[in-house]
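Subject: Structure handover

Hello,

Here is the structure I promised to pass on. Please open it alongside this email and follow the residues as you read.

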Amino acid sequence: MSKGFVSGLMTGICYLALQSGAYSQEQKEPEELGPIVVTAARGEQSLDEVTRSVAVVDSEQIERASTNSVAEILRDVPGVKIIDSGVPGMQRISIRGESSIRNVVLIDGQEISDHTSYGPLFLIAPEDIERIEVVKGPGSVLHGSKAIGGVVNIITKKGADRPLEVEVGTKFNSSTNGISGFASAAGTIDKWDYRVSLSRAYDGDRETPAGTLDPSASSEQSATAYIGYRGDQHSFSLKAERYELEADVYTGDPDFPFDLPKRDRSKLSIFYDFEDVNEYISKIHLDGFFQQIDRVAENGYTIPEIAFPPTNPPTITKMKQRDNHIGSELQTLGLNGQVDLALFNNVVTLVGFQAVQDRLDRQSSQTGMDIPFPPGPPNFPTPITPTSTDDEGKVTTLSAFVQNEWDVTDDLTLTSGSRYYLVKTENKGSAGDRDETDQAVVGAVGLNYTGFDDFALRASVAQGYVYPTLIQTMIGTNFSPAGMVFSNPDLEAETSVTAELGGRYDDGQLMLDAAVFYTQAKDYITTVACDNVACPIGSLMYDNINEARTWGLELSASYRISDWSLTPYANLTLMRRQFEEADLTTFHTNTPLVSGSVGVKKDWSFSNGVEAHADMYARFASKHTDLDRSNEVVTEDAFATLNLAGGFSYDFDDERKLKVNAAVENIFDLEYKPSLDELTAPGRTFKLSASVIF
């Protein structure tokens, strides 16, 4: 599919929509903005009732994004930043400056475990997602360890509202010549509902104004099956998932190839709910799951060995050619339980528990040869003795929580909660046999006031808790020419406290949601120069630095001009972030002062059943600065891009529907990097997606 075809189709969509709007448009009436239901508080609430900042991305927004990346769907959420670490096919997110390792990713309330030093990936196809809820700030009381930055809860699609509904579709991305296809069948029969789905996607090397990022391709495929039963009081469901991902790593150095040929997730889960048990117990919830994530990483490099003591110029004694292979299997068993109690008037109490056990089995091997320098007779390459290590680690987390929601008055609600953690780690392998135990108690308190017309105020203070991963405490990693990043069994858990004040106004025409926050986090885990005598020169180790502080303002605003069906909008983040170590305090933390997007949307509704939309918007960020290993400042310039998206849907009848979405991103073909954590962005990009429901 050519860029010209997609560009022409996009232009045609907008032209036809504008022309039809001029002659046969029926103005849309303002919609009643009922409460948006979220599950971030482990129960149903409207956005006017929450005590925390919550962003909801619905199914329509997901479809219009026309992307295979869940992270890209969240790019314009205030406080969220994308991280790719040189792998476009494995994007993660940062929330309020906190890296992905300090955020929790849930699928239907169940965690995607990760014990790397990078954080969890979104190992799910966008076509399987009903909506995404992003709760910003610590969620360690209700959603477990790791939730210092925030919680991303992905709610998946279930059955349809008829016995059988089939959807098939495809997507195209010109910047990677990426193509994908998906299909699903869903339905509801009596009290049973079901859904099965398949998807497959391929993205080639990314094209940028600076050239092709070779290699940077990725491919993924998924299959899911769901069946559920909903009775008058009892409901249960079963779900099976399989997701396979492989991706190339762009290192910028052809002498240092790196490949991630496998990152696969398999999962079986079960859910049970018992509602309206009696006058004191409104609901009992149980869910359990088994999840396995298989990971393979490979790299090779050739580096010179310099004679010691050093000479001027340096003398090369030999070239070291090495090939590394790491395979790991992470198995997770999880069980969650919750009881919703109504023991007193105007008070709702949640009591629950969580038991999660992660088992990591990792095999590492290295082969290669030493090549004399200069090469040639009589000096021939000498194979090195192959090495291999086997590491087994296990971390068991047991926790219990309680939360009270008290309606002090008709307009004022006080929410408070606490959670107790017991964490036990066990390791057998190259780092020696060692067991560790940690305990912690975290709490949160929040207020919500709705005494004004169409306006709600909220305030909260919450603690966060992140226990180190098995890689950090027990195993380490060896993907570095300089040597390993060594584990540190003496690491302390990371902790944080966040205070937030916010408000939401929504009268059906003007929507304004704003929050200011301050976070102080202690015992941050990062990599530092390894000072152990056993460490090779230039290698690193994990260690706790002192603390990090973050200040910020998040703003979402929109105004619907009903007579024209226009909606100007803005999503803005202002943030400052400071790291403090023993001998260094810096604001160079890869955090832009200002970032966000502004734009205007227009909707059309026509008498023939066609509905169309267009969205012209700018995305921007101020400059990023950070420190390299030598504490020298590195900078990425500010940027702003102009983008256009649009599409239409057509209802053939009550059961058949066509949906088409298209976009032109980075219209002026700007060369830029969104941040120091991302590769150079694609140049002018054309996207197209289409699906049929019948």
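**Ground rules**

This is a predicted model: local features need pLDDT of at least 70, side-chain atom pairs count only at pLDDT 80 or more, and totals for chains, interfaces and linings use all residues. Residues are numbered from 1 along each chain as its sequence is written, and side-chain values use heavy atoms, with hydrogens and water left out.

**Confidence**

Over residues 1-35 the pLDDT is below 50. That stretch still has 59 contacts in the model beyond near neighbours in sequence (a contact means heavy atoms within 4.5 Å). Where pLDDT is low, the predicted coordinates should not be read in detail.

**The annotated domain**

UniProt, in an unreviewed entry, places "domain: TonB-dependent receptor plug" at residues 47-151. UniProt positions are given in the numbering used here, feature names are shortened, and annotations may be inferred rather than shown by experiment. The span is 14% helix and 29% strand. Here helices (H or I, at least four residues) and strands (E, at least two) are DSSP runs, numbered from the N terminus. The end C-alpha atoms of residues 47-151 lie 16 Å apart.

**Strand pairs**

Two strands pair if DSSP finds at least two bridges between them.

- β9 (residues 165-173) pairs with β10 (residues 178-189) in the antiparallel sense, over nine bridges. Glu167 stands opposite Ser184 in β10. The hairpin has four residues between the strands, and its Asn177 takes a positive phi near 50 degrees.
- β10 also pairs antiparallel with β11 (residues 192-203), over eleven bridges. Ala186 faces Arg195 in β11 as its opposite residue. This hairpin has two residues between the strands, and Asp190 takes a positive phi near 55 degrees.
- β17 (residues 281-306) and β18 (residues 316-344) run antiparallel, joined by 25 bridges. Ile303 has Lys320 in β18 as its bridge partner.
- β18 pairs antiparallel with β19 (residues 347-372) over 25 bridges. Gln338 stands opposite Gly352 in β19. Two residues lie between the strands of this hairpin, where Asn346 takes a positive phi near 65 degrees.

There is also an open sheet of three strands, in the order β25-β29-β28, with mixed pairing. β25 (485-486) and β28 (525-529) stand at the edges with a single partner strand each, so one side of each is left without a neighbour in the sheet. β25 pairs with β29 (residues 540-544) in the parallel sense, over two bridges. Phe486 has Met541 in β29 as its bridge partner.

**Salt bridges**

Side chains of opposite charge can pair when their charged atoms come close. The count comes to 43 salt bridges (a side-chain nitrogen of Lys or Arg within 4 Å of a carboxyl oxygen of Asp or Glu).

Start with Lys239 and Asp108. Their closest N and O atoms are 3.6 Å apart. Lys239 lies in strand β15 (residues 234-248) and Asp108 in the loop between β5 (103-107) and β6 (110-111), so the pair ties together parts that are 131 residues apart in sequence.

Glu426 and Lys394 form a salt bridge at 3.4 Å between the closest N and O atoms. This pair links distant parts of the chain: Glu426 is in β22 (residues 412-428), Lys394 in β21 (residues 387-407), 32 residues apart. Glu426 is partly exposed at 26% relative accessible area, whereas Lys394 is buried at 16%.

Glu244 and Arg242 meet in a salt bridge at 3.1 Å, N to O. Glu244 is partly exposed at 25%, and Arg242 is partly exposed at 29%.

A network of salt bridges links Asp48, Arg96, Lys136, Arg458, Glu500, Arg504, Asp506, Asp513 and Glu554.

**Asn153**

Asn153 lies in strand β8 (residues 150-156). Is Asn153 buried or exposed? Asn153 is buried, with a relative accessible area of 6%. Its side chain reaches the backbone nitrogen of Gly109 at 3.2 Å. The C-alpha atoms of Asn153 and Thr212 are separated by 34 Å, and the two residues are 59 apart along the chain.

Best wishes

How values were computed: Buried means under 20% relative accessible area, exposed over 50%, partly exposed in between (1.4 Å probe, protein chains only). A polar contact is a pair of N or O atoms within 3.5 Å; within protein, one must be able to donate a hydrogen and the other to accept it, and residues adjacent in sequence count only if both atoms are side-chain atoms. pLDDT is the predictor's confidence in each residue, from 0 to 100.
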